[in-house]
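Work through the exercises below with the model open. Each task is followed by its solution.

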Amino acid sequence: MIAKKMEPFLRNNSAIRMMFEEGNRLKAQYGPENVFDFSIGNPSVPAPDSVRQAIIDLVNETEPTVIHGYMPNAGFVDVRQTIAESLNRRFGTDFSARNLIMTVGAGSALNIALKSIVNPGEEVIVFAPYFLEYGAYVGNYDGVLVTVSPDTETFQPNLKEFAEKITANTRAVIVNTPHNPTGVVYSEETIKKLAAILEEKQKEFGTVIYLISDEPYRELAYDGVNVPWLTDYYDNTIVGYSYSKSLSLPGERIGYVVIPDSADGSADLITAATIANRISGAVNAPSLIQKVIARCVDEKTDVEAYDKNRKALYEGLTKLGYTCTKPQGAFYLFLKSPFEDEKKFVEAGKKYNILMVPGTSFACPGYVRLAYCVSYETIINSLPRFAELAKECGLQ
Ligand code: PLP
C-alpha cells in the first residue's frame, strides 16, 4: 500500500504515460518520420563536441578517486568558482564559489531552494501557465501553491492579481523566463514592477519573500531579446539553473543554485541549501559532469537551429489561421486551441499524427504546447498535416 500523498501522482502519471505510449504506437504503425511528435522538451541539438571531448579527456586524465569520489555537498570548489566567474563576466555580478551550490538539474535546484525556506502551510506563488512539477515540489515541503491566473494577451505575469494574492503567509514566488510553455521572455519593465510589488509587500507584512528564478532556458533567447538577470532587480532572489537545455544534457542531471550575499540570511541560507542537497538524497551533483561544465563553462548550444524551427513553425501555423503569442525564448510555442476544450484539439491532432500537450498540463486550459526541439524536416513536413487539421477545426 502506497502513501496517501503519492496517490494523486499515480493518477496523473497515467495520463502522461498514455501520451508517451500513444507516440510509440503511432511511430511503430506509420514510421517515426511520419509522426510529428511535439510533446517532449528533449533538446534536438546534440551536446557540443567540446562537452563530449571534455568527458573523454577527464576520464583519461583525472585520478579516479577524485573524479568518482565524494566531495563537498555543494560541489567541487573549483567548478563553482569557474561558474561564478563566468556569471560575473556576463552579468557584472560579484559571486564566488561560496554563492553557488551544484545541483542535480533545475528540478533539484528548485527543491533545495524550497526545502531551505518553506515551512509547512506557507504559500508559494506561481504564474499560470507553469511547469506543473512546481506543485509537486512545493507539496514536498507541505507548502501551499497559490496560482495567479494568466494574462492570455501577452503571457507576461498578471501583476495586478499577483499583488492581491500576496499575504503575510507568502514565502516565495517562482518565475520562469524564458518560459515553458509559452516561450515568452519577461521584459525588464515586468521584472521591475514585480520587484517593486515584492518590496512593498515585504514592508507591509514585515516578512521576507524570496523570488526563485527558474532559468533552464536562459541562453535560448531569439531576436536579441534581453533576458534580465534577476538578482540585479531584487535582493532576495535565488537563481536555479540547469544545463539540461543550454548544453543538451538533461540526462546528466546538472545545474546549480545561486544565493547572492544580498539575500536575507544569505550565510544561513547557503548552509541550509547545502545541507538540503545532502539530505534530499542527492548528496552532491554528479562529479564527472561538474568537471566537464567547468571546462565548457562558456560553451553554447546551437541557438540558430531552434530559431530556424521557431520561425518556420510560427510563420507556418499563423498563416494557416492558428493563433499564438510569438515565442521569444525556450523552444516552445503555446497555441490557442480552436476548440474550447483543448483536449478535443489534441485528440483531433492525433488523427494527423501530430502530438501536442494540452494546456491543462500547465494549468492553462484552452491552449496546447508544441515543443519545437525537433528536426527542421519534422516542422516542414508537419505543416501540410496542420493545414488538414485547421480545416477540420474550421480555421480555413
Ligand atoms: N523548470 C522548467 C520550467 C522546465 O521546463 C524544466 C524541464 O523541462 C525544469 C525546470 C527541470 O529541468 P531539469 O531537467 O534541469 O531538472
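The expected span of a helix is 1.5 Å times one less than its number of residues. Helices (H or I, at least four residues) and strands (E, at least two) are DSSP runs, numbered from the N terminus. The model is predicted: local features need pLDDT of at least 70, side-chain atom pairs count only at pLDDT 80 or more, and totals for chains, interfaces and linings use all residues. Residues are numbered from 1 along each chain as its sequence is written, and side-chain values use heavy atoms, without hydrogens and water.

**Exercise 1.** Compare the span of helix α11 with the expected one.

Solution. Step three: glycine 321 follows α11, with a positive phi near 105°.

**Exercise 2.** Find buried residues of α11 and what covers them.

Solution. Buried means under 20% relative accessible area, exposed over 50%, partly exposed in between (1.4 Å probe, protein chains only). Among the buried residues are Val303, Tyr306, Arg310 and Leu317. Their cover, by contact (heavy atoms within 4.5 Å), includes β9 (332–336), β12 (367–371) and α13 (376–392).

**Exercise 3.** Work out the strand order of the open sheet.

Solution. Two strands pair if DSSP finds at least two bridges between them. The 7 strands run β2-β8-β7-β6-β5-β3-β4, with mixed pairing. Inside, β3 (123–127) and β5 (170–176) are parallel over 4 bridges. Valine 126 has isoleucine 174 of β5 as its bridge partner.
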